[in-house]
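Subject: Structure for you to look at

Hello,

Here is the structure I said I would pass on. Please open it first, then read the notes below with it on screen.

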Amino acid sequence: MTQNFPALALILLFPAIGVLFNLFYGGRAGRGAVNFAGPAVIVLAFAVAVSAFVALLRMPPGAALTCPLWPWIAAGPFRVDLGLRFDALSAVMTLVVTGVGALIHIYSAGYMAEDDDYARYFTYLNLFALSMLVLVLADNLLQMFIGWEGVGLCSYLLIAFWFDNPQYAYNGRKAFIVNRIGDLGFLLGILTLAGALARHNVWTLDFVALREHAALLAPVATLAALLLFFGATGKSAQIPLYVWLPDAMVGPTPVSALIHAATMVTAGVYMIARLNFLYLMAPEAMEVVATVGVVTAFFAATIAIVQADIKRVLAYSTISQIGYMMLGVGVGAFSAGVFHLMTHAFFKGLLFLCSGSVIHALHGEQDMNKMGGLRRKLPITFATMLIATLAISAIPPFAGFFSKDQILDAAFGSGHVWLWLLGVVTAGLTSFYMFRLIFMTFYGDSRVEPERERHLHESPRVMTAPLIALAVLSVVGGLVGLPKGLFWGNAFGRFLAPIVNHPLAGVAAAPVLEVEAGAASVLLGVVSLSAALLGILMAWLLYRRNPGLTDRLAARLAALHGLLWRKYYIDEIYDVLVSRPLFWISAVLLNRGVDRGVIDAMVDGTGLTVEEGGEAVSKAESGNVQLYAFVYLLGALAIVAYYVYRVMR
Amino acid sequence: MGGFWLTGLIFVPALGALGVLLQGDDDSVWRSAFIYSLIPLAISLYLFAIFDPAQASYQFVERYAWIPEFGISYHLGMDGISLFLVILTTLLISLSILYSGGGDIEMRPREFCFMMLVLETGLLGALLAVDLFLFYVFWEVMLVPMYLLIGIWGHGRKIYATFKFVLFTMLGSLLMLVAILYLAGAARAQLGHLTFDLPDLYRVSLPPTESRWLFAGFALAFAIKVPMWPVHTWLPDAHTEAPTGGSVMLAGIMLKMGTYGFVRFAIPLFPAVAIEAAPLFLALAVIGIVYGALVAMAQPNLKRLVAYSSVSHLGFVMLGIFAFDPQGLQGAIYQMLNHGVSTGALFLLVGMIYVRRHTFDISEFGGLWKSVPIYAAVFMVVMLSSIGLPGLNGFVGEFLILLGTFLHSERAAWIAVTGVVLGALYMMWTYERVMWGPITKSINATLKDMTAREIAVIAPLIALMLFMGLYPRPLLDRMEPSVDLLLNRVAAAQVRLDRQQISTVAALDLQARSGRIQ
């Protein structure tokens with residue numbers, strides 16, 4: 001059942017107005033107006049989203065609100081129009097994007113209080129919100145791609161926000177390029193789906209229609225699912241394309257919270273949940289998703305345990321947590337993956353904002369070795385960050401416990417014992433590196449530089465209020481997805497079920513997992529909880545009880561520590577394997593070699609062209625033979641090209 | 001229909017060119033040239049408004065005998081394929097003149113405007129001619145002003161660049177002329193009279209070998225113009241040395257004469273050969289896409305970089321054309337327009353910075369956003385359009401081309417798609433080096449931001465990027481009938497080819513069987 005709901009367009013219109021206002025009038029209107037307008041448009045969008053959500057709840061399960069916009073692309077029978085669709089899945093995403101987004105916009109007004117480029121900042125931030133909402137509200141795959149690349153653009157602009165630092169500028173570009181490499185996969189995935197349908201004279205990329213024609217997609221399901229997942233590894237920072245995210249931390253911290261933790265980077269998880277019918281037809285692709293997810297979770301967690309930069313720890317933690325979400329959707333527990341996406345948006349958004357509060361208080365210091373003992377100076381920051389840490393460490397009853405538990409439960413229940421085990425080990429690592437962060441930052445003696453120490457202060461109310469709001473959500477946000485039999489049970493899962501657990505008629509597909517924890521899973525929960533507690537204990541032993549022990553350990557295990565500290569040398573490996581060969585081919589082989597060395601040399605050699613000043617006209621006399629040679633070589637090049645094509649066909 | 005709309009469109013600029021010569025001081029030269037260029041722009045927009053979107057064949061047709069003894073007629077018409085290229089031409093000429101009058105051209109403005117307006121006549125004539133001889137005349141007419149624009153108002157190695165430009169183009173043009181004359185001769189043999197009229201020539205059917213040679217004559221001329229790899233090397237030189245207005249017209253319209261030539265002449269005249277040659281052209285196109293992008297990346301000179309990016313972008317256009325399906329071809333035509341808009345804008349922007357700094361050297365810049373934020377922001381939007389960001393114009397064309405190609409040859413699409421990453425790579429790397437980072441040269445700290453005139457030049461192009469990216473339907477819908485008509489010709493040839501193949505196979509089969517029986 002669908003219902004036309006024109007107000008959906010307002011969810012996009014408000015941020016769009018914000019973009020235009022800040023872009024054209026922000027500078028003239030002044031800081032006060034921008035600080036008001038920037039967050040206000042997101043709050044308004046959130047209000048509309050809530051009203052749409054209320055309307056949706058009144059409708060039967062599986063219903064959707066729609067709002068057609070305008071005709072977009074058409075060529076021959078192929079046709080894609082712009083339109084919005086607000087069903088249970090996009091409802092969750094829209095509420096998270098506008099809700100958490102609004103809090104982070106508000107926080108930004110405080111965080112950027114001393115930056116002169118506030119208008120540009122809010123232009124980008126509003127544009128991000130707009131793009132992200134286009135992504136989650138799109139009713140077809142191609143429109144989703146507008147949002148998909150749009151958020152990438154905003155990420156690029158915001159990472160390089162302080163562009164006069166060349167390193168920041170580089171990191172911004174790196175993020176965009178790595179994402180574009182992923183987008184190749186996304187684009188080819190779209191083409192594969194459209195091509196498969198075209199063969200049966202079906203021309204659409206509409207989600208509902210794709211689902212209806214799922215049977216036609218079966219032959220290409222695995223390929224398309226893998227291609228789209230490759231796109232997701234870029235946007236959602238999974239192996240092998242995660243390398244941009246740690247470097248993205250040079251952007252303003254609220255940006256890290258909103259874009260590089262709470263919303264944009266989870267777009268890949270959303271995409272897979274949205275295309276669940278496709279993935280269910282491709283069990284091999286789902287195995288890949290689950291495996292890449294949990295391996296990324298583990299891999300990133302191991303790097304996080306040795307990093308000294310507070311934001312860098314959180315960045316690897318984000319990669320790791322998205323890995324969990326991928327594990328969830330990969331084993332077919334789509335609603336569990338989206339559930340963790342939501343709770344993660346609360347607690348990871350909060351963690352970043354708290355780290356921002358710390359950095360703000362310390363005037364830009366990010367090195368945890370130069371922190372310590374901050375809990376008394378920054379009480380609100382400390383309390384809220386501790387709550388977020390308990391949530392990410394999956395300690396009951398905090399939000400992360402329920403969502404992570406659902407994922408691990410589903411992994412075990414679907415027979416992926418090894419993946420489950422790796423997930424449990426990662427849960428231990430997670431609580432270890434998070435409590436290491438807490439101990440190094442807030443406990444012990446202050447290692448803050450005296451100059452910074454003097455100005456140390458808790459953040460203003462405009463920044464602490466969002467912290468408190470997110471802290472509340474980090475505590476209670478998980479209660480919507482309780483284990484079965486406990487009060488209302490997994491209400492979240494039931495809400496999403498008609499969208500993500502809807503069996504396909506007449507198509508061979510993997511069984512959809514019922515994520516309703518039973519008695520057996522209590523044991524599983526105890527195991528993962530024990531891992532988490534063990535991690536906390538280890539962190540306490542190493543960073544509180546015996547502070548000197550870590551250095552000795554690092555010295556004893558120098559090789560391992562070095563490997564982790566240097567992040568497995570992945571950046572260096574990519575540089576040698578990809579970047580340098582590419583630049584060599586570009587500059588040396590093609591530009592100097594083929595273009596100037598061969599083709600142009602032949603042209604000049606014909607004597608048809610004269611050298612500068614017209615002195616070489618005499619060459620024209622010997623030009624005839626060379627002209628033949630030129631034409632002959634031209635033909636030869638064409639033949640080579642033809643065989644290139646033959647070979648590739 | 002009827003009327004003299006198209007004649008007016010073509011010859012108002014020529015009259016304007018004469019009018020400009022009569023003007024007194026420089027200011028009135030620029031003013032009058034701009035006004036003369038606005039008239040065809042207004043006409044073309046009016047024609048867009050009254051254009052019948054449902055009609056596939058030529059509209060606003062004018063047809064008069066010109067040299068009846070040789071069957072040459074003055075035959076003009078506009079269809080959904082030429083409509084938008086005409087508008088693009090009239091728009092870019094106006095913007096180029098407006099821009100050039102703002103300080104870019106200080107030497108001999110009268111002659112400059114004269115050349116630009118004559119160029120417009122040549123371009124519009126070539127786009128609207130339905131008679132091959134008439135087309136050829138306009139084709140040559142547009143070469144002369146471009147040659148002089150580069151030679152007189154260019155910079156650096158302009159003489160080398162003009163020679164290279166003329167010789168490459170002449171080589172192709174001459175072969176095309178031979179092909180045109182031969183074709184007319186064949187028409188006399190088959191139809192009983194000499195004719196250069198396109199619809200008549202469609203009815204001429206030639207033996208495969210002759211068709212192949214004639215197709216080759218047309219194709220080489222057009223491929224040089226596009227330019228396709230490996231006959232592209234005139235382009236970087238011509239672009240780099242041309243004045244900004246010349247570069248805008250060269251990239252914006254003149255290159256499209258090559259791709260337009262394929263669509264209008266080479267393919268519909270010899271559809272069977274075009275089908276045979278498609279793999280070759282697809283291969284050259286994907287090579288051009290990747291090669292152009294990789295070589296662009298290595299350029300230290302801003303203008304040269306944009307020039308090589310054209311090789312890559314036009315590769316996409318050729319790919320779409322030779323996919324022979326509605327998505328590919330409509331995407332290709334759309335991409336011609338996109339390239340005109342975004343590369344036109346890029347050349348204008350590069351020209352603006354040249355006026356301030358007298359260099360195209362990327363290493364001379366850095367940190368420009370600090371001193372010229374409006375310029376930097378505009379450059380960002382243009383760059384995003386150029387790299388095909390969804391939501392802007394470039395994506396619509398690129399996606400349709402990739403889809404059309406994918407349906408025709410999956411592997412070609414797989415290779416071509418890498419151009420999307422490489423395009424982002426060289427453009428963003430350049431942007432970073434020019435606009436971001438610290439200001440390394442003190443002279444860059446005091447640059448003046450865009451003037452009102454410069455903003456007025458760029459603003460319509462930015463508006464088009466957004467409009468064409470978000471609401472392409474008014475354009476795509478008007479192209480569709482004409483594109484379908486062309487594809488029907490190709491499809492009919494395909495059917496004939498298949499039938500021939502079947503009958504050949506059947507004949508061989510029969511031979512084999514009879515051999516066994518004997």
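A salt bridge, as the term is used here, is a side-chain nitrogen of Lys or Arg within 4 Å of a carboxyl oxygen of Asp or Glu. By that rule, 4 salt bridges are found across the interface of chain A and chain B. One of them joins A:Asp81 to B:Arg473, where the closest N and O atoms lie 3.7 Å apart. That distance of 3.7 Å falls within the 4 Å cut-off. Please keep in mind that this is a predicted model.

The interface

The rule for polar contacts finds 16 residue pairs across the interface of chain A and chain B, with both residues at pLDDT 80 or more. On the side of chain A that touches chain B, the elements giving two or more residues are the strands β2 (64-75) and β3 (78-86) and the helices α5 (118-137), α6 (141-159), α7 (166-198), α27 (570-605) and α28 (623-648), all of chain A. Which element gives the largest share of that side? It is α7(A), with 17 residues. By residue type, the side of chain A that touches chain B has 52 nonpolar, 6 polar and 13 charged residues.

Counting residues in contact, chain A contributes 71 and chain B contributes 78. The size of an interface is often given as the accessible area lost when the parts come together. Between chain A and chain B, the buried area is about 6,800 Å². Carbon and sulfur atoms give 74% of that area.

Chain A

Chain A is built with 28 helices and 3 strands. Of its 649 residues, 61% are buried. Taking the contacts in chain A between residues at least 6 apart in sequence, 80% join residues at least 24 apart.

Chain B

Chain B contains 20 helices and 2 strands. Among contacts in chain B with a separation of 6 or more, 82% come from residues 24 or more positions apart.

Regards

Conventions:
Residues are numbered from 1 along each chain as its sequence is written. Chains are lettered from A and ligands numbered from 1 in the order in which they are written. This is a predicted model: local features need pLDDT of at least 70, side-chain atom pairs count only at pLDDT 80 or more; totals for chains, interfaces and linings use all residues. Side-chain values use heavy atoms; hydrogens and water are left out. Contact means heavy atoms within 4.5 Å. Buried area is the accessible area (1.4 Å probe) that two parts lose on being put together, summed over both. A polar contact is a pair of N or O atoms within 3.5 Å; within protein, one must be able to donate a hydrogen and the other to accept it, and residues adjacent in sequence count only if both atoms are side-chain atoms. Helices (H or I, at least four residues) and strands (E, at least two) are DSSP runs, numbered from the N terminus. Ala, Val, Leu, Ile, Met, Phe, Trp, Tyr, Cys and Pro count as nonpolar, Asp, Glu, Lys and Arg as charged, and the others, Gly among them, as polar. Buried means under 20% relative accessible area, exposed over 50%, partly exposed in between (1.4 Å probe, protein chains only).
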